Amino acid sequence: MSLVGKRYALALFDAAVDSNNVDGIFDDFSTVIDLFKSEKGLMDLMLTPSINASEKKEILDRVFRKSYNQYLRNFLNILLDKNRFESMAEIHDAFRQLVFLYKNTVEATVLTVVPLDEALRVALEEKLKQRFNKKVILKNNIDESVLGGAVVYVGDQVIDGSVRKQLNQMKTQMNSSRLQ
Amino acid sequence: METTGLVSIDAREMIATLINFLIFFFVVKHFFYAKIKAVIAKRQDGISAEIVDAAEKNASAGELKVKYEGLIADIKSREREIIRDANAEGQVQRHEILEKAHSEAKVIMEKSMAEIELEKQKAMNEVKSNIVDLSLFAAEKIIHKSLDQKQHEAMILDFIDKVGEAK
């Protein structure tokens with residue numbers, strides 16, 4: 001992550017803490033990011049050099065109809081003024097890390113063959129919370145190569161309880177045994 | 001004139017001849033004898049010197065002959081010694097070459113055997129790996145087909161329990 005991304009994210013984070021609206025700004029920023037990711041044409045428009053910054057600000061106001069946070073709106077305007085709009089996704093990543101740190105929260109991804117129902121999701125989040133002493137935001141991805149069980153990724157840690165892992169262990173043991 | 005035989009003696013003629021001879025003798029003796037004598041003496045000295053020189057040279061040649069005969073004997077002895085040493089050295093070298101050849105052949109043989117063993121082990125490992133891969137592939141397919149939703153959920157629940165146990 002670049003220094004620019006961290007610097008802008010820290011500025012927005014300070015503003016969010018000062019305004020006591022960390023969750024609101026984070027949710028709005030995530031919505032904005034999702035929209036720009038799904039509407040690539042809109043991002044291209046915002047990066048077009050022939051359109052000046054004030055026109056781009058008007059476009060943003062029309063798109064979001066002034067429904068998003070004033071601090072975030074000002075922040076996006078600054079990005080337009082400073083020609084840093086293309087770094088928005090990077091800034092959002094850095095901002096998310098700061099918010100998670102602030103809220104003692106950690107993101108986790110769990111790979112399973114079948115989708116987790118709500119009860120399993122809550123149970124797993126609770127167990128991970130106990131293990132890491134942090135609130136866990138769980139994302140469930142379907143991956144048939146897991147075969148069974150689950151694999152959880154939390155930061156740089158991996159908790160592998162998959163059938164795939166058991167098969168791999170079995171393969172290693174069988175390969176390491178000497179054939180007479 | 002008195003006639004005599006075919007051979008006669010004339011006393012005057014004899015006296016005259018004798019006088020001539022004496023005159024000739026005294027002239028020669030007076031004028032040439034010393035010079036002739038000196039020439040003869042010089043010649044005699046020269047011959048004597050040459051005889052002495054020849055004798056010395058002869059003696060020297062004898063010494064040299066003895067000396068060179070000794071040297072030739074030494075050389076022959078040395079020659080025999082060199083040939084003997086060369087033969088001995090040749091034997092040693094032959095032995096060393098044979099030893100080296102045997103040693104190299106042994107190393108090549110051992111290396112070849114090791115390579116054969118390695119290749120054999122590699123081939124066996126490959127076969128084993130293929131069997132393992134095939135077995136696990138089959139196991140994977142069976143697991144994939146045989147597990148239903150409930151069994152998957154049961155395994156996930158089991159995993160969740162273990163997540164709480166191990167830190």
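## Where the two chains meet

In this predicted model, 23 residues of chain B are in contact with 25 residues of chain A. Two residues count as in contact if their C-beta atoms, placed from the backbone, lie within 7 Å. On the chain B side, the elements that give two or more residues are helix 2 (33-146) and helix 3 (149-165) of chain B. Helix 3 of chain B supplies the largest share, eleven residues. Helices (H or I, at least four residues) and strands (E, at least two) are DSSP runs, numbered from the N terminus.

What classes of residue make up the side of chain B that touches chain A? There are twelve nonpolar, six polar and five charged residues. Here Ala, Val, Leu, Ile, Met, Phe, Trp, Tyr, Cys and Pro count as nonpolar, Asp, Glu, Lys and Arg as charged, and the others, Gly among them, as polar.

## Reading the model

Residues are numbered from 1 along each chain as its sequence is written, while chains are lettered from A and ligands numbered from 1 in the order in which they are written. As this is a predicted model, local features need pLDDT of at least 70 and side-chain atom pairs count only at pLDDT 80 or more, whereas totals for chains, interfaces and linings use all residues.

## A helix pair across the interface

Look next at helix 8 (residues 163-176) of chain A and helix 2 of chain B: their axes come within 10 Å and cross at roughly 160°. Axes are lines fitted to C-alpha atoms, for helices over the stretch in contact, and angles run from 0 to 180 degrees between N-to-C directions. That crossing angle makes helix 8 of chain A roughly antiparallel to helix 2 of chain B (angles over 145 degrees count as roughly antiparallel, under 35 as roughly parallel, 65 to 115 as roughly perpendicular and the rest as oblique).

Helix 8 of chain A contributes V163(A), L167(A), M170(A), K171(A), M174(A) and N175(A) to this contact. From helix 2 of chain B come K128(B), S129(B), V132(B), L136(B), A139(B), E140(B) and I143(B). By class, this contact has eight nonpolar, two polar and three charged residues.

## Two chains, two make-ups

Chain A has eight helices and four strands, in the sequence pattern α-α-α-α-α-α-β-α-β-β-β-α. Chain B has three helices and zero strands. Buried residues make up 26% of the 180 residues in chain A and 4% of the 167 residues in chain B. A residue is buried if 20 or more other C-beta atoms lie within 10 Å of its own, exposed if 12 or fewer, and partly exposed in between, with C-beta atoms placed from the backbone.

## The sheet of chain A

In what order do the four strands of the open sheet stand? The order is 2-1-3-4, with mixed pairing; two strands pair if DSSP finds at least two bridges between them. Strand 2 and strand 4 (157-162) of chain A are the edge strands, each pairing on one side only. Strand 1 and strand 3 (residues 149-154) of chain A pair in the antiparallel sense over four bridges. Helix 7 of chain A lies across strand 1, strand 2 and strand 3, running at about 130° to strand 2.

## Two asparagines in loops

N104(A) has a positive phi of about 50° although it is not a glycine. Its place is in the loop between helix 6 (88-102) and strand 1 (105-112) of chain A, and N104(A) is exposed, with 11 other C-beta atoms within 10 Å. N133(A) has a positive phi of about 55°, again without being a glycine. N133(A) sits in the loop between helix 7 (118-132) and strand 2 (135-142) of chain A.
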